[in-house]
Amino acid sequence: MRINWKKTMTLTLDVLIGVYLILAFTRFNKPDEKASVCTKVTIDIQDEATNGFINTQEIKHRLEADKLYPLDKPMRYVDARKIEERLKSSPFVKTAECFKTQDGHVCILLTQRMPVVRIKAVQGDDYYLDDHDCIMPNSHYTSDLIIATGYISKWFAMNYISPMSKAIMDDNLWKNQIVQINVLPDRSIELVPRVGDQIVQIGRLPESKYKEERTKLVGEFMDRKLQRLENFYKYGLSQAGWNKYSYINLEFDNQIICKKKKAL
């Protein structure tokens with residue numbers, strides 16, 4: 001078999017020229033990162049208005065304190081990974097992503113941990129619990145959350161107060177009506193509503209050593225108690241008057257015990 005060397009050499013030359021053109025096109029069209037600087041920084045925080053624990057100004061200050069804020073810096077010195085790692089170290093940040101564009105734009109995308117209840121225990125503990133039952137430290141930011149007070153250990157908060165609070169927050173009526181949970185020394189629960197001067201006793205939460213079962217039991221327990229309270233509001237207090245009673249006890253399923261306010 002004879003090899004057509006002329007044809008082979010022509011084909012090889014065409015391939016080499018093609019590769020050269022691709023490399024040249026890529027080289028000449030690739031932005032010179034060494035010569036470019038960061039001209040714009042965008043910080044996007046999901047649920048910033050809802051949670052209020054972190055804001056764009058605080059993120060900027062944190063990065064500036066660590067000399068990581070990219071504005072006016074050469075793009076080659078902008079370390080997206082270090083920016084992400086610094087922001088993820090915040091107890092209020094759930095996810096952080098940073099990327100650079102060819103036109104000198106640095107984008108920072110954040111999601112926050114979602115708080116569901118604030119704990120203020122008698123022993124002095126003051127912290128938040130997020131939607132994954134994890135502790136978040138106290139913050140100088142304010143958020144419209146239920147406050148749980150009383151005899152609350154961190155274990156009881158994470159295992160019982162957290163699922164209870166989520167059950168309340170999942171109900172459109174009660175997430176706006178219940179402003180405080182109070183835990184008595186025997187772990188029975190009192191609820192403080194926004195409207196009315198009553199304190200509502202609902203008894204002890206059902207217990208289980210298994211998380212899924214515990215969450216289910218607490219959720220069902222709260223559904224029953226809150227439905228009974230709603231019915232009492234509709235058919236009891238609407239007739240007797242909202243300010244007649246100072247204490248409503250829903251601990252027992254077959255009766256509601258009310259304590260009248262003392263006459264002034």
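Which residue in E11 does Val-200 stand opposite? The residue is Ile-248. Before I place that pair, a word on what we are looking at.

This is a predicted model, so local features are taken at pLDDT of at least 70 and side-chain atom pairs at pLDDT 80 or more, while totals for chains, interfaces and linings use all residues. Residues are numbered from 1 along each chain as its sequence is written, and side-chain values use heavy atoms, with hydrogens and water left out.

Now the overall inventory. The protein has 7 helices and 12 strands. Helices here are DSSP runs of H or I with at least four residues, strands are runs of E with at least two, and both are numbered from the N terminus. Of the 264 residues, 39% count as buried. Buried means under 20% relative accessible area, exposed means over 50%, and partly exposed is in between, with a 1.4 Å probe and protein chains only. Contact means heavy atoms within 4.5 Å. Among contacts between residues at least 6 apart in sequence, 53% join residues at least 24 apart.

Next, the sheet. Strands of a sheet pair through backbone hydrogen bonds, in either a parallel or an antiparallel way. Two strands are called paired if DSSP finds at least two bridges between them. Here 9 strands form an open sheet with mixed pairing, in the order E6-E5-E4-E7-E8-E9-E10-E11-E12. Its edge strands are E6, residues 135-137, and E12, each pairing on one side only. On average, neighbouring strands of this sheet are turned by 25° against each other, direction ignored. Axes for such angles are lines fitted to C-alpha atoms, for helices over the stretch in contact, and the angles run from 0 to 180 degrees between N-to-C directions.

The opening pair belongs to E10 and E11, which run parallel and are joined by 3 bridges. Glu-190 stands opposite Gln-201 in E10. The hairpin of E9 and E10 has 5 residues between the strands, and in it Gly-196 takes a positive phi near 95°.

Elsewhere in the sheet, E4 (residues 115-121) and E7 (residues 146-150) pair in the parallel sense over 5 bridges. There, Ala-121 stands opposite Gly-150 in E7.

What packs on this sheet? Helix H5, residues 154-169, does, touching E4, E5, E6, E7, E8, E9 and E10. The direction of H5 makes about 135° with that of E4. H5 has a kink of about 35° at Ile-161, shortly before the proline Pro-163. The bend at a residue is the angle between axes fitted to the seven residues ending there and the seven starting there. The buried residues of H5 include Phe-156, Tyr-160, Ile-161, Pro-163, Met-164 and Ile-168.

On to the charged pairs. A salt bridge is a side-chain nitrogen of Lys or Arg within 4 Å of a carboxyl oxygen of Asp or Glu. The whole structure has 10 of them. One joins Glu-58 and Arg-62, at 2.6 Å from N to O. Both residues lie in helix H3 (residues 56-65), 4 residues apart, about one turn of the helix, and both are buried.

Another joins Glu-207 and Arg-204, at 3.1 Å. Glu-207 is partly exposed at 48% relative accessibility, and Arg-204 is partly exposed at 43%.

A further salt bridge joins Lys-225 and Asp-253, at 3.5 Å. Lys-225 lies in helix H7 (residues 211-240) and Asp-253 in the loop between E11 (245-249) and E12 (257-260), so the pair ties together parts that are 28 residues apart in sequence. Lys-225 is buried, with a relative accessible area of 2%, whereas Asp-253 is exposed at 58%. There is also a network of salt bridges linking Asp-133, Lys-166 and Lys-211.

Last, the cysteines. How many disulfides does the whole structure have? The search finds 0, where a disulfide is a pair of cysteine sulfur atoms within 2.5 Å. For Cys-98, the nearest cysteine sulfur is that of Cys-107, 8.0 Å away. Cys-98 is buried, at 6% relative accessible area, while Cys-258 is partly exposed, at 27%.
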